[in-house]
Amino acid sequence: MNKVSVQELVDECDLVVYSGGVNLESRFIVTSDISRPGLEMTGYFDYYPAERVQLLGMTEISYSHKMKQDERARIMDKMCGKNTPCFVVSRFLPVPIELEEAGKRHNIPILRSKLSTTRLSSRLTDYLQAKLSIRRSVHGVLMDIYGLGVLITGDSGVGKSETALELIKRGHRLIADDRVEIYQQDERTLVGEAPEILNHLLEIRGVGIIDVMNLFGAGSVRQNTQISVVVNLENWSADKQYDRLGSGEEVFELFNVDLPKINIPVKVGRNMAIIIESAAMNFRAKSMGYDATQKFEDNLSRLIEKNSVH
């Protein structure tokens, strides 16, 4: 099971440790869902999600001030479940002394943030979803081309890494080479990044491993990106009919998300970097409502109609 330590959460989300700092490495988060214990403050614990990060905002803290001290102590102690990773208080609001004491008894860290509750909840959720999502490793190269995440796939040796190197020289950015780790951000969005061991590295047969960031600068790499389109490179075959108009539509399915897929034949003399760059620009134009294939078909229809009149 994927898990994130509370220490990692503190480091990545700029949280301030209020108490329980010695337990940051030993407490783990296993779900990206965030709990705001509103009903629990009233004593209703039938469906208390104790394994979630417990986020307390203005509503929860204000309500706790209206509770009697013994009731507040009982509720705060009950909120400290065995698997509760931590408590987070937004807006640097004052932490009830009863919560601090309960956290110390149960070794649960209490954290604070200057952010509003809504913004803090969104930030925590985004980070935890990215870290805890199910991941799949795909053989290929992931590039950022004009702001589009382009996943380049194909058989080993077809020239993916060499094409990526040429794209980098043309000003585009590398995310991952050889292995791309992909996770689902939401129902329609897939995000790809490099495995930690391959971060910023590119393998060129005959040359070896090169450090793209070291050779081409920080502007030549990116940590992750949303995948917009898949470009599949395949060796040219004289027996195969290739799409010449761009009217054929194929998809690459992963995590029940369909990504547009473009098949490009590889042949001696073809500049694959420029072709992929053009394919990315054409895909962006289509997504903005301009379809060159449709324009060609309209021109053809008008020509046929004109000739028919004559």
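1. UniProt, in an unreviewed entry, gives residues 4-128 the feature "domain: HPr(Ser) kinase/phosphorylase N-terminal". UniProt positions follow the numbering used here, feature names are shortened, and annotations may be inferred rather than shown by experiment. Helices (H or I, at least four residues) and strands (E, at least two) are DSSP runs, numbered from the N terminus.

2. A word on the basis. This is a predicted model, in which local features need pLDDT of at least 70 and side-chain atom pairs count only at pLDDT 80 or more, while totals for chains, interfaces and linings use all residues. Residues are numbered from 1 along each chain as its sequence is written, and side-chain values use heavy atoms, with hydrogens and water left out.

3. How many salt bridges are there? With a salt bridge taken as a side-chain nitrogen of Lys or Arg within 4 Å of a carboxyl oxygen of Asp or Glu, the count comes to eleven. Side chains of opposite charge can pair when their charged atoms come close.

4. Have a look at Arg123 and Asp14, whose side chains form a salt bridge (3.0 Å, N to O). This pair links distant parts of the chain, 109 residues apart: Arg123 is in helix 6 (residues 117-132), and Asp14 is in the loop between helix 1 and strand 2 (16-19). Arg123 is partly exposed at 33% relative accessibility, whereas Asp14 is exposed at 54%. Here buried means under 20% relative accessible area, exposed over 50%, and partly exposed in between (1.4 Å probe, protein chains only).

5. Glu60 and Arg36 also meet in a salt bridge (2.9 Å, N to O). Glu60 sits in helix 3 (residues 58-65), and Arg36 in the loop between strand 4 (34-35) and helix 2 (38-41), 24 residues apart. Glu60 is buried, with a relative accessible area of 5%, while Arg36 is partly exposed at 38%.

6. Another salt bridge joins Arg170 and Glu277 (2.7 Å, N to O). The partners are 107 residues apart, with Arg170 in the loop between helix 7 (160-169) and strand 11 (173-176) and Glu277 in helix 9 (residues 272-287). Arg170 is partly exposed, with a relative accessible area of 38%, and Glu277 is buried at 5%.

7. Which residues are linked in a network of salt bridges? They are Arg135, Glu181 and Glu193. Glu193 lies in strand 13 (residues 189-193) and is buried, with a relative accessible area of 18%.

8. Glu12 lies in helix 1 (residues 6-13) and is partly exposed, with a relative accessible area of 47%.

9. Two backbone angles deserve a glance. Arg91, in the loop between strand 6 (87-89) and helix 5 (97-106), has a positive phi near 60° although it is not a glycine. His200 has a positive phi of about 70° and is likewise not a glycine. His200 lies in the loop between strand 13 and strand 14 (201-204). Arg91 is partly exposed at 45% relative accessibility, and His200 is buried at 15%.
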